[in-house]
Amino acid sequence: HEASSSDSTEILQREWDQARPYKSLPGPTKFEMFRGFMKGGDFHGKPFDQVIRMCRQRYGDIYLLPGLFGMSTNLVTFNLEDHEKVFRTEGPNPLRPGMEAVEFYRLSRKNSIYSEDYLGVAGNGKQWGKFRHMVNPILMQPRSMPLYIDPMQKVNAKFIQRIHELRDPVSFEVPSNFLTQINCLSLESLAHIALDKEMGLLSDNSQVPEAREMFKHLFSFGDSFYDLGVQPTIYKYVKTPAYKRFERAMDVVYEICTKYVMETVQRLERNDFSGEDKSILEILLKIDRKMAIITAIDLLMGGVEITSTVLAAVFLCISKNPEKQDKLRQEILSNIGKTQPFTLENMKNLPYLRACIKEALRIYPVMFGNIRITGRDLSLSGYQIPKGTNAFMASNMLLHDDRYFPRPLEYIPERWLRSTDGQMDELCVKNNSPFIFLPFGFGPRSCLGKRIVDMEMEMTLANVVRNFKMEYNYSTDNAFRTYFMNTCIIPLNFKFTDLEGFE
């Protein structure tokens, strides 16, 4: 192993010595960058994916976006070999940029639990490593899944009932703002897990007073990260309107989460704090109360909008591809049944369900790719990239490239399944890089709530298709807008027709 590591270091050093200097990288100047985002500029009002696509056309598959007003310069690369090098050399505590606004807010917020040692996902280095070490066994291990499958199941049943209540009795279509109900489902599920709280968002009459307030502010983070992390901004010197909106959202989420967590603490103290654990939150509280609050906030901040985006995407894909929907329904009915409860056991063998979700994530990726700070000097695409450089790896923007995915615009879940007869080989043969499809990131800094989000997506999709035939009889052109994360922007008038005769 030591010899292999030494050989690898020598190869990387030799590549570095032969590479072109960092200063020769193409990209806009600082003035062009500033002017581009101002009114009348090429980048003004454009979402992030359009900006980096425009720059790719001008400068190629690797270029620099210079930082302004004290912000870091960002390297953008579309080269999968570059992505692999960055990930393979990131070390045990990878550094991930993009959360500077969250870190700035947390360290400047007075009278709070935040400090250099308590930053949650906004932290880096050893502090982040300590945080991850504490929450990983609870959030990422399969043995924790029974703690959140039942709460999700209850929320999901209410979602099905909500569809019955909302759809038109004649057309069976739900209102165009159905995305709001998907958002409610996402927040309700994660609130059950992160806060031990039923928010009542899927009911007209039983909402917790703060539920709507939290709902409103949780869905502002995606735009905030773009406004404060990519576009030119002076929020660290003067509180800009974008930062004030972000700060207000963070304040609301912090205050409500803290209130609910403390309610759980009081309940446990009244009963038995050392008894059998019934929730993720209870386990975290026994380890570290501050960390429990921060984890709850991070789960909501990072998971709610992502889950909503993926569910909107998979619903659109399934609704527009009835043959795939029928095939999925047969798998669900054969393995679980029409009315039986979901269990860890009956959800194990559902390969087509997972393939349907993966293919929806390929058609409509959540983000443009992944971000890291380089862990050592590297040669990327033939250029010297120094240690400590912000690297934006735009892998998700290659998911519609037929070099990697033949027939890339078609929804074909089968491309993710092992073929027994060779029929799908032509669709899978080019999809052989482990770095082309990373919807939840890679390595130690992959998404903290991946297992929870996976379970919610799988259960929701399975529950919907075993209850309804889904249709979407409208165009899906330009269905999503990409700022930092994708957001569905078209009306979602899904048609939900009851299924009869299945047991």
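This is a predicted model: local features need pLDDT of at least 70, side-chain atom pairs count only at pLDDT 80 or more; totals for chains, interfaces and linings use all residues.
Let me start with cysteine 447, which sits in the loop between helix H16 (425-428) and helix H17 (450-467), where helices are DSSP runs of H or I with at least four residues and strands are DSSP runs of E with at least two, numbered from the N terminus. The UniProt record, an unreviewed entry, places a "binding site" annotation on Cys447; positions from UniProt are given in the numbering used here, feature names are shortened, and such annotations may be inferred rather than shown by experiment. Cysteine 447 has a relative accessible area of 21% and is therefore partly exposed, given that buried means under 20%, exposed over 50%, and partly exposed in between, with a 1.4 Å probe and protein chains only.

Residues are numbered from 1 along each chain as its sequence is written, and side-chain values use heavy atoms, with hydrogens and water left out.

Now to the interior. In soluble globular proteins, nonpolar side chains tend to be buried together. A nonpolar core here is a set of buried Ala, Val, Leu, Ile, Met, Phe, Trp, Tyr and Cys residues joined through side-chain atoms within 4.5 Å. The largest such core has 153 residues, and the members that touch the most others are Leu195, Leu300, Leu461, Leu492 and Phe494. Helix H13 (residues 289-319) supplies the largest share of this core, 20 residues. A second core, separate and of 15 residues, includes Ile62, Leu64, Phe87 and Leu378. Returning to leucine 300, and leaving aside neighbours within four places in sequence, its contacts (heavy atoms within 4.5 Å) are Leu187, Leu190, Ala191, Ala194, Leu195, Met214, Leu218 and Cys257.

What, then, about charged side chains? Side chains of opposite charge can pair when their charged atoms come close. Taking a salt bridge as a side-chain nitrogen of Lys or Arg within 4 Å of a carboxyl oxygen of Asp or Glu, a search of the whole structure finds 29 of them.

The next pair is glutamate 90 with arginine 372, whose closest N and O atoms are 2.7 Å apart. Here the partners are 282 residues apart, glutamate 90 being in the loop between H4 and helix H5 (100-108) and arginine 372 in strand S3 (residues 370-373). Glutamate 90 counts as buried because its relative accessibility is 9%, and arginine 372 counts as buried at 2%.

In the last pair, glutamate 359 and arginine 415 form a salt bridge at 3.0 Å, N to O, linking helix H15 (residues 351-363), which holds glutamate 359, to the loop between strand S6 (390-393) and H16, which holds arginine 415, 56 residues apart. Both glutamate 359 and arginine 415 are buried. Elsewhere, salt bridges with shared partners join Arg109, Asp251 and Glu255 into one network.

Aspartate 82 is found in helix H4 (residues 80-88), and, apart from neighbours within four places in sequence, is in contact with Ile62, Thr77, Leu380 and Ser381.

Finally, some backbone geometry. The 12 residues of helix H3 (residues 48-59) should span 16 Å at 1.5 Å a residue, and the end C-alpha atoms are 16 Å apart, which agrees; the expected span is 1.5 Å times one less than the number of residues. The buried residues of H3 are Phe48, Asp49, Val51, Ile52, Met54 and Cys55, and just after H3, glycine 60 takes a positive phi of about 105°. Aspartate 196, although not a glycine, has a positive phi of about 55°, and lies in the loop between helix H8 (178-195) and helix H9 (211-218).
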